[in-house]
Amino acid sequence: METQTQVYPRVTVMSVKGRVDSTSAGELETALKKLLDEGKSNLVLDLSGVEFLSSSGLRVLVTTLKAVRKTGGDLRLAQSSQRASDAIDLAGLDVLFKSYGDREAAVASF
Amino acid sequence: MGTAKPPSPPSERPTRQVRRLKVRDGAASLTGVCDFVEAAASTSGFDDRTSHACQLAVCEAVENIIQHGYQADSGEIEVTAQTAPGVLTVEIVDRAPAFDPTRYPIDPSATLREARVGGRGLLMIRRIMDDISYERRGRQNILRLTKNRSFTGV
């Protein structure tokens, strides 16, 4: 798994690529926690490069969502790959996240 | 793991194949399990989306055994895939304490306050696979997951 972060004035976008399963979920959690520790709570996750997303990865997304909402922020999803989108739907977690077809729309939504 | 190869024309596919994989390295083996299921699903002639759904279901089941059954200790898991055109059956055998995933209660609704992601893997398995059966034989848990229809979404 690889992550890449782009910081805008009010929003931070993290692009995630590759497999997010129990072997890489911790790495994603650490990267997201670092953003929270820096006070960044308006987050967009660009999931266009995600090839596999297991419940371990979904757990990190929900944990982060809870944390940013507590501080008045939000975690929104952008251009999820079919595979990421299927995993989120199958887990019944699609109702928790605002999702956007492209990252510009997700950034502009804040 | 990448895009699945296009399935072979039906005339080139053998009618029934069995392949086996032994998992001994815990979570580090999950990519190998996915590759194994991807190859089996391709032999059954499933499209990439259905193949991915099967990989997700089997990996969730194996991950549950590693994390909760063996509690992250090393323990052997045997995965057997039986393929025929349009049908994939994956049998997962472990020697962890008895656990019947078909009877575990799951609440499919999710609110942020209550969202426990525990149990989500089992929900995914139930939503993906067309038939799920469990048997406790001696000291073995035997879970059979069958896919016989294309996955087109929840």
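## Confidence of the model

The structure is a predicted model, and for the complex the predictor gives an ipTM of 0.93 together with a pTM of 0.90. Within chain B the pLDDT averages 88, and 85% of the residues score at least 70. Where pLDDT is low, the predicted coordinates should not be read in detail.

## The sheet of chain A

Chain A holds an open sheet of five strands, ordered β1-β2-β3-β4-β5, in which the pairing is mixed. The edges are formed by β1 (2-7) and β5 (99-100) of chain A, each of which has a single partner strand, so one side of each is left without a neighbour in the sheet.

From β2(A) the chain crosses through helix α1 (residues 25-37) of chain A to β3(A), in a β-α-β crossover that is right-handed. Strand β2 (residues 12-20) of chain A and β3(A) run parallel and are joined by eight bridges, with A:Val13 opposite A:Val44 in β3(A) and A:Gly18 opposite A:Val50 in β3(A).

The pairing of β3(A) with β4(A) is in the parallel sense over five bridges, and within it A:Val44 has A:Arg76 in β4(A) as its bridge partner. Here the chain passes from β3(A) through α2(A) to β4(A), and this β-α-β crossover is right-handed. Strand β4 (residues 74-78) of chain A is mostly covered, with four of its five residues buried. On to β5(A), two bridges join β4(A) and β5(A), which run parallel; A:Leu77 stands opposite A:Ser99 in β5(A), and β4(A), α3(A) and β5(A) make up a right-handed β-α-β unit.

A:Leu47 lies in strand β3 (residues 42-53) of chain A. Is A:Leu47 buried or exposed? Because A:Leu47 has 26 C-beta neighbours inside 10 Å, and 20 or more are needed, it counts as buried.

Leaving aside neighbours within four places in sequence, the contacts of A:Leu47 are A:Val16, A:Leu77, A:Gln79, A:Ser80, A:Ser81 and A:Ala84. A:Leu47 and A:Arg76 are 29 residues apart in sequence, while the distance from C-alpha to C-alpha is 10 Å.

Chain B has three helices and five strands, which follow the pattern β-α-α-β-β-α-β-β when read along the sequence. Of its 154 residues, 38% count as buried, and among contacts in chain B between residues at least 6 apart in sequence, 70% join residues at least 24 apart.

The largest nonpolar core has 67 residues, and those that touch the most other members are B:Val33, B:Val37, B:Ala57, B:Val58, B:Val62, B:Val79 and B:Ile128. The largest share of this core comes from α2(B), with ten residues. For B:Val58, leaving aside neighbours within four places in sequence, the contacts are B:Val33, B:Val37, B:Val79, B:Val90 and B:Leu145.

## Helix α3 of chain B

Why is α3(B) largely enclosed by the rest of the structure? Seven of the nine residues of α3(B) are buried, so the helix is largely enclosed; the buried residues are B:Arg120, B:Gly121, B:Leu122, B:Leu123, B:Met124, B:Ile125 and B:Ile128.

The cover over these buried residues comes from both chains, including α2 (55-70) and α3 (82-90) of chain A as well as α2, β4 (131-137) and β5 (140-147) of chain B.

## Where the chains meet

The contact takes 26 residues from chain A and 27 residues from chain B. On the side of chain B that touches chain A, the elements giving two or more residues are α1 (30-44), α2 (48-69) and α3 (120-128) of chain B, and α2(B) gives the most, with seven residues. By class, this side of chain B has 17 nonpolar, five polar and five charged residues.

Conventions: Residues are numbered from 1 along each chain as its sequence is written. Chains are lettered from A and ligands numbered from 1 in the order in which they are written. This is a predicted model: local features need pLDDT of at least 70, side-chain atom pairs count only at pLDDT 80 or more; totals for chains, interfaces and linings use all residues. Two residues are in contact if their C-beta atoms, placed from the backbone, lie within 7 Å. Ala, Val, Leu, Ile, Met, Phe, Trp, Tyr, Cys and Pro count as nonpolar, Asp, Glu, Lys and Arg as charged, and the others, Gly among them, as polar. A residue is buried if 20 or more other C-beta atoms lie within 10 Å of its own, exposed if 12 or fewer, and partly exposed in between; C-beta atoms are placed from the backbone. Two strands pair if DSSP finds at least two bridges between them. A nonpolar core is a set of buried Ala, Val, Leu, Ile, Met, Phe, Trp, Tyr and Cys residues joined through C-beta atoms within 7 Å. A crossover is right-handed if, with the strands pointing away from the viewer, the path from the first strand over the helix to the second runs clockwise. pLDDT is the predictor's confidence in each residue, from 0 to 100.
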